[in-house]
Amino acid sequence: MMRRARLAGSWYPADEDRLLELTGSGRGSGDLVAGVLPHAGLMFSARLTRLFFDSLDVSVERLLIVSPSHYYALGEDMVVTSSFTSAQTPLGEVAVRPMHIASAIVDDSVIAKEHGLEVFLPFVKARGGLEVSFLVLGRASSYDSLLAFEDVLCDQLDGRTALVASSDFTHYGARFGYQPYGHRGALEEVRKHDLSLAVQLARGEVDSVFPHHEETTVCGIVGAMATALIAKQRGLEGRILGSDDSASILGEGDEDFVSYVAIGWGGSIGHFI
C-alpha cells in the first residue's frame, strides 16, 4: 500500500527540476548516521536538511524517521507505525519497510497525514536506493517513558539504518502563545536558547534537557531526546550542522517566527549494530 504525497505543490515543489534544486542528488559522502532535522516547508528547511543528506554515510540503506503528531492527539507514551510499503514523491516512489513493534499501534491515517515525515521523502528519493520506515511518538510522561522510546528505536536499528528525529525548534510569538522574552530582541534570545539546547542534545546531555522540555515550544523534542540518548550510548560524535529562522528567511519582523536547528551525529554505521 502506498502513502500518497499530500504536500507536493505547497510545502515543496511538485516540479522535478525545481525539487532537485532544493534537495540535491547523489549519495552522501560523509559519516552521519543520526540527526535532528526541521520539518517545515522546504523553503524554510531545505538548506539544513540537505546538509545532513549530503554528509550521510554512504553505507546507509534505510532511514528511520521519527516524528511528533501534528494532526492527531496521541495518548501519552504512544508509538504509532503503519502498514505502508511505499511512499509517493514527485521524483518517484520510495520503498517503505513496515515495522512490527509489540508496543506500537498501527494507524495508517496518522502516518498518511503527517508532514513531519513527508518533508524528508524527496531527499530520500533524490539519493536513490534508500528505503524508509516511519514512527510517530506521543509525549513522554516520564523519563522512564523516554527510555522506553529509546529502546523501541534501538530495536529497529542495524548496521545499515540511519535515524532522523523530525523537529522544529522554538515557535515564538502571540500566534504560538509563547513570548517569554517579550518582543524587542526576542529573535536573538531564541537563537541563543536554541543553540544551547542543540549543543546539549549533541552532547547527549538529556538529563539536563528533559526536566524543562515541556516548558518550550520545540516540536519533536521527544524524538530528538531519544535520538540524542542513542547517539551517546553508541559513542557517536554530535555536531551542529546549521541554524535558521523563518523571520530571516522571509525578511519579516520577529513578532511571530519559528527557529530551526540541524544536528548530526557521525561515526561508523557499525555503531548501530
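This report covers salt bridges, a charged patch and several individual residues in a predicted model.

## Salt bridges across the chain

Side chains of opposite charge can pair when their charged atoms come close. The structure holds twelve salt bridges.

One of them joins Arg47 and Asp244, with 3.6 Å between the closest N and O atoms. This pair links distant parts of the chain. Arg47 belongs to helix H2 (residues 42-54), and Asp244 belongs to strand E11 (residues 237-245). The two are 197 residues apart. Arg47 is partly exposed, at 45% relative accessible area.

Glu76 and Arg139 form another salt bridge, at 2.1 Å from N to O. Glu76 sits in the loop between E3 and E4, while Arg139 sits in the loop between strand E8 (131-137) and helix H6 (143-156), so the bridge ties together parts 63 residues apart in sequence. Arg139 has a relative accessible area of 34% and is therefore partly exposed.

Arg191 is partly exposed at 36% relative accessibility. Glu188 is partly exposed too, at 39%.

Salt bridges with shared partners join Arg50, Asp54 and Arg127 into one network.

## A negative surface patch

Which residues gather in a patch of negative charge on the surface? They are Asp15, Glu16, Asp17 and Glu21. Glu16 is part of helix H1 (residues 16-23). Its relative accessibility is 46%, so Glu16 counts as partly exposed.

## Asp77 in its loop

Asp77 lies in the loop between strand E3 (62-68) and strand E4 (79-81). Its phi angle is near 65°. That is a positive value in a residue other than glycine. Asp77 has a relative accessible area of 31%, which means that it is partly exposed.

## Arg3, a buried arginine

Is Arg3 buried or exposed? Arg3 is buried, because its relative accessible area is 0% and the cut-off for buried is under 20%. The residue lies in strand E1 (residues 2-3).

Arg3 has contacts beyond its neighbours within four places in sequence. Phe84, Ser86, Ala87 and Gln88 are among them. Ser109 is 106 residues from Arg3 in sequence, and their C-alpha atoms are 9.7 Å apart in space.

## Val110 in helix H3

Val110 is found in helix H3 (residues 108-113). At 3% relative accessibility, Val110 is buried. What does Val110 contact, leaving aside its neighbours within four places in sequence? The partners are Tyr72, Val80 and Val136.

Val110 and Thr217 are 107 residues apart in sequence. In space, 21 Å separates their C-alpha atoms.

Key. Residues numbered from 1 in each chain as written. Predicted model: local features only at pLDDT ≥ 70, side-chain atom pairs only at ≥ 80, totals over all residues. Heavy atoms only, no water. Patch = residues over 30% accessible without salt bridge, like charges linked within 9 Å, V, L, I, M, F, W, Y side chains within 5 Å. Areas by Shrake-Rupley, 256 points an atom, 1.4 Å probe, with all protein chains shown as cover. Salt bridge = Lys/Arg side-chain N within 4 Å of Asp/Glu carboxyl O. Lys, Arg positive; Asp, Glu negative; His and termini not counted. Charge placed at Lys NZ, Arg CZ, Asp CG, Glu CD. Helix = DSSP H or I, 4+ residues; strand = E, 2+ residues; numbered from the N terminus. Buried < 20%, exposed > 50% of the residue type's maximum accessible area, 1.4 Å probe, protein only. Contact = heavy atoms within 4.5 Å.
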